[in-house]
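Colleague: Hi! Could you walk me through this structure?
Modeller: Happy to, here it comes.

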Amino acid sequence: MKNFILLLALSLLLIGCGNQIKTVPPLPGTLPNVLTSEKIDTDIYFDATVSMKGFTTLAASNVYLTLPDLLGDLCNSAGEVKFFAFGEQIRPLDGRTYRQFTTPEVYTEPITAVANVIDRADTNHLSIIVTDLFESESDWSNVTQKLREKFFANHLSVAVIGIRNSFYGEIFDVGLNAAKLRYNSFDNPDRYRPFYLLVMGRDDIVKNFLRKFNERQTLPNDTGYLLLSENLTETPSDFSNFELGEVENFYSDDTLGLDNRVKEFGVDKFSEAASFIFSWQYNPPLGACPIDLSDVDTDVEIFSVNGEEWSPLENNDVRVSFLKDNRQADIFLIKVSLTPEKSLAEGKLNFVRIKVMPKEQGYRLPPWVELWSVNVDGAAKIFDGSKTLNLTRVLGSLKDSISSASRPALMNINFVVTP
């Protein structure tokens with residue numbers, strides 16, 4: 001009987017919106033991902049080109065020699081793991097033959113085609129590419145475009161882990177003449193050469209892998225992390241985590257039983273200013289890009305129910321303000337204010353979606369990227385083998401790609417206002 005009364009009240013409320021709808025249409029847009037413990041398969045691609053051989057030849061502080069087993073152990077607990085070798089083509093590896101990557105003899109491929117691996121990658125899996133970021137014909141713009149279209153545009157994340165490792169071998173395409181250089185790091189950590197893991201997949205899975213990999217690192221090699229995600233915090237910054245404070249001309253409601261990432265408000269007086277305040281702590285994930293929190297952008301979209309669909313409203317006076325909490329240095333108070341009659345459709349169910357984002361100039365690469373990057377404009381003899389050619393440009397293009405495909409957000413403030 002109690003359930004019947006509740007359903008009747010909800011039906012009357014929605015009919016009272018003037019749209020004669022019986023249910024709430026799916027909310028427009030994409031809500032932030034929910035962290036889960038779901039099992040997921042992993043595909044690991046090892047670059048088998050000759051430029052990778054030098055990572056296997058010296059024993060001192062050699063993380064690369066332990067990498068096949070480490071990746072297998074880390075990912076086996078989450079689901080099925082498959083290994084592949086690639087050069088221009090991709091070939092699957094059976095059983096435990098992936099351990100052959102600890103020996104120099106297997107690195108025979110003459111052409112590196114990371115772009116082909118991106119084409120092959122299954123977006124329902126976690127994909128990991130082990131490479132030195134060398135791409136034949138230096139065609140990283142093609143790789144960046146494929147990552148933007150396949151991952152960033154579909155709300156997926158890409159991370160880069162860089163590890164400086166002992167190296168004795170040949171480095172290719174150095175300088176304007178694409179020269180070949182013999183390089184020996186000896187046992188000197190200052191001369192170690194970086195290799196990289198490209199980690200691609202669902203945001204929560206990628207973030208979890210970075211944490212686990214960091215915890216399992218036992219050798220003191222320099223390691224850099226870069227995370228390119230549309231969600232710039234460790235856990236989703238939305239109403240599932242916000243602590244609501246002072247409220248003016250709004251009142252909390254739960255009539256519709258919405259997802260806890262979306263807050264439901266009623267409004268007392270439609271013609272008067274309304275606002276709410278919540279506390280927020282910026283909790284950056286491992287590998288986060290440095291962000292300027294003093295100057296951010298906000299994107300506001302408002303929809304009202306029209307029949308069985310959400311229709312966008314053109315004008316609003318919504319304002320988002322950052323206020324410091326003087327009691328705690330790392331806590332912000334966020335105030336959202338609006339005048340209902342200027343922003344909402346009266347007598348209808350309204351949905352307000354606010355995205356708070358860093359500005360482009362306030363979203364930067366981590367400092368380690370520039371430190372590990374070298375640009376060569378002249379002869380090969382000036383090349384520094386302890387650094388990666390054009391790393392800043394390569395990773396900068398990835399950062400720009402996620403900014404254009406899906407502006408990374410500090411928080412998502414999603415709420416409905418019932419009539």
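Colleague: Which backbone oxygen lies 3.4 Å from a polar atom of the side chain of N249?
Modeller: That of A273. The N249 side chain also reaches the backbone oxygen of E272, at 2.9 Å. A polar contact here is a pair of N or O atoms within 3.5 Å; within protein, one must be able to donate a hydrogen and the other to accept it, and residues adjacent in sequence count only if both atoms are side-chain atoms.

Colleague: Before we go on, what sort of model is it?
Modeller: This is a predicted model: local features need pLDDT of at least 70, side-chain atom pairs count only at pLDDT 80 or more, and totals for chains, interfaces and linings use all residues. Residues are numbered from 1 along each chain as its sequence is written, and side-chain values use heavy atoms, leaving out hydrogens and water.

Colleague: Thanks! Is N249 buried or exposed?
Modeller: N249 counts as buried, because its relative accessibility is 11% (buried means under 20% relative accessible area, exposed over 50%, partly exposed in between, with a 1.4 Å probe and protein chains only).

Colleague: And what does N249 touch?
Modeller: Not counting residues up to four places away in sequence, N249 touches G266, V267, D268, K269, E272, A273 and A274, where contact means heavy atoms within 4.5 Å.

Colleague: Switching topic: which residues make the contact between α4 and α8?
Modeller: W140, T144, L147 and R148 of α4 meet V394, S397, L398, S401, S404 and A405 of α8. Helices are DSSP runs (H or I, at least four residues), numbered from the N terminus.

Technical notes: Helices (H or I, at least four residues) and strands (E, at least two) are DSSP runs, numbered from the N terminus.
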